[in-house]
Amino acid sequence: MGSQTERVSAPRSWADWQPSAPYTIGLEEEVMLLEPADWSLAQRSDDVLPQLPPGLAEHVSAETHQGALELSTDPHQTVPEAIEQIAGLRAWLAAELAAQGLAVATAGTHPFALWSETRVSPASRYQVILRTMADLARREPTFALHVHIGVEDPERAIRLLNQLRAHLPLLLALSANSPFWQGRATGLASTRTPVFGAFPRTGLPRRFSGYDDWVSTVDALLRCGAFPEPTFLWWDVRPQPALGTVEVRVMDAQTDVAATAALCALVQAVARLEIEEGHAPERLVAAEELLAENRFLAARDGIEADLLDLAAELRRPARSQLRALLDAARPHADDLGCRAELETVARLALEPPFLRQLDAVERRGGRLPGLMAELAAAFAPGD
């Protein structure tokens, strides 16, 4: 009995919330290593990482697959500051890889990679994934944009997580940037979503009654040995106690920095809208099945989707729902200093990334390597 009591009362240091300045923003972009000769994935991350200069290396890390890397920024007060850093990191990485005979690009998926050519990173974290996920870890890599929003206390973080669930389908729809997989058009705007969804612990998290509810849930899974630490929860949005952030993970990686800036401004402004005003109605936040259906529609049709509108009890164009959200978010974008970036969201909705990919392939007579050349050119223009 004594040992059981000790286990129950043991400190959960992983759950200690490290306060962040409210609404600070940090970005993570997953990017592709490429062979310029044929634009295939270069399974070279373990070769590349040791050769990067220290100033760049501290912002670049391995991913599950050796054809992928992750770029990460510092925390910033404003979206323009974060975008300036990610643009600089993109340019620096592109130049370093060019010197190694490689190229770099990003989108939600590589359009013609095959699982049989994919290698899992040798890093210990990813070997755990390989051991516990079997062939799921050998699938083709996917590439996401993650946006961290600083939150000063854990109860606000859980409240923000709950409220953001209502907006995840719209964020996915706007960001959809992966219409190709294994050499073919899939008919999906975000193929990344169902491919990554083959992993466990992905998708929409449930609502939590408070931080203790979240900690108890995760702690039970850790104590039972489900996974080694909380970042093995790959939900569309999750708390990050060690960083003091709520991390939005639902979005496809964006080919160009301007699209990344638009999405980051929307996430930051909506986060402030929800914390300050509780904008999403409780009835919508509680509508688990409706949110799940809208998430599927967003992955299938992108911003062209007609999403279910609970209040009107009908389907309404995602662009119409986006306009209403932008109207509510603009005053918060003004206060956060990201109004200019938020105004570019409308252009992103009119020129969706997944349609740009489809158009590029059509222009090139169906040649997917030609698409990859365009994606690489857009990654860091002028470098």
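**Stop one: a pair of charges**

Select D47 and R44: their side chains meet in a salt bridge, 3.1 Å from N to O. The term stands for a side-chain nitrogen of Lys or Arg within 4 Å of a carboxyl oxygen of Asp or Glu. Side chains of opposite charge can pair when their charged atoms come close. Before going on, keep in mind that this is a predicted model, where local features need pLDDT of at least 70, side-chain atom pairs count only at pLDDT 80 or more, and totals for chains, interfaces and linings use all residues. Residues are numbered from 1 along each chain as its sequence is written, and side-chain values use heavy atoms, with hydrogens and water left out.

(Buried means under 20% relative accessible area, exposed over 50%, and partly exposed in between, using a 1.4 Å probe and protein chains only.)

**Stop two: a buried pair**

Now pick E247 and R238. They form a salt bridge with the closest N and O atoms 2.7 Å apart. E247 is buried at 0% relative accessibility, and R238 is buried at 8%.

Next, select E374 and R363, another salt bridge, with its closest N and O atoms 2.7 Å apart. E374 sits in helix α17 (residues 368–379) and R363 in helix α16 (residues 353–363), so this pair ties together parts that are eleven residues apart in sequence. Helices (H or I, at least four residues) and strands (E, at least two) are DSSP runs, numbered from the N terminus. E374 counts as partly exposed at 27%, while R363 is exposed at 58%.

Then highlight D327, R330, D334, R339 and E343: salt bridges that share partners join them into one network. The count for the protein comes to 25 salt bridges.

**Stop four: the cavities**

How many cavities of 30 Å³ or more are there? The count is two. A cavity here is a set of points, on a 1 Å grid over the protein atoms alone, where a 1.4 Å probe fits but cannot get out; lining residues have an atom within 4 Å of a point. Points are joined across faces, edges and corners, and a volume is the space filled by probe spheres set on them.

The largest cavity holds about 70 Å³. To see its lining, select R192, T193, F196, G197, T202, W234, W235, D236, R249, V250 and R295. Helix α8 (192–196), β10 (234–235) and β12 (245–252) each supply at least two of the lining residues, and α8 gives the most, with three. By class, the lining has four nonpolar, three polar and four charged residues. (Ala, Val, Leu, Ile, Met, Phe, Trp, Tyr, Cys and Pro count as nonpolar, Asp, Glu, Lys and Arg as charged, and the others, Gly among them, as polar.)

For the second largest cavity, with about 30 Å³ of space, select P22, Y23, G150, V151, E152, R156 and I275. Those residues divide into four nonpolar, one polar and two charged.

**Last stop: zoom out**

Show the whole protein: there are 17 helices and 14 strands. Along its principal axes the C-alpha trace spans about 60 × 50 × 35 Å. Of the 383 residues, 56% count as buried.

Key:
On a 1 Å grid over the protein atoms alone, a cavity is a set of points where a 1.4 Å probe fits but cannot get out, and a pocket is an open set with protein on both sides within 12 Å along at least five of seven lines; lining residues have an atom within 4 Å of a point.
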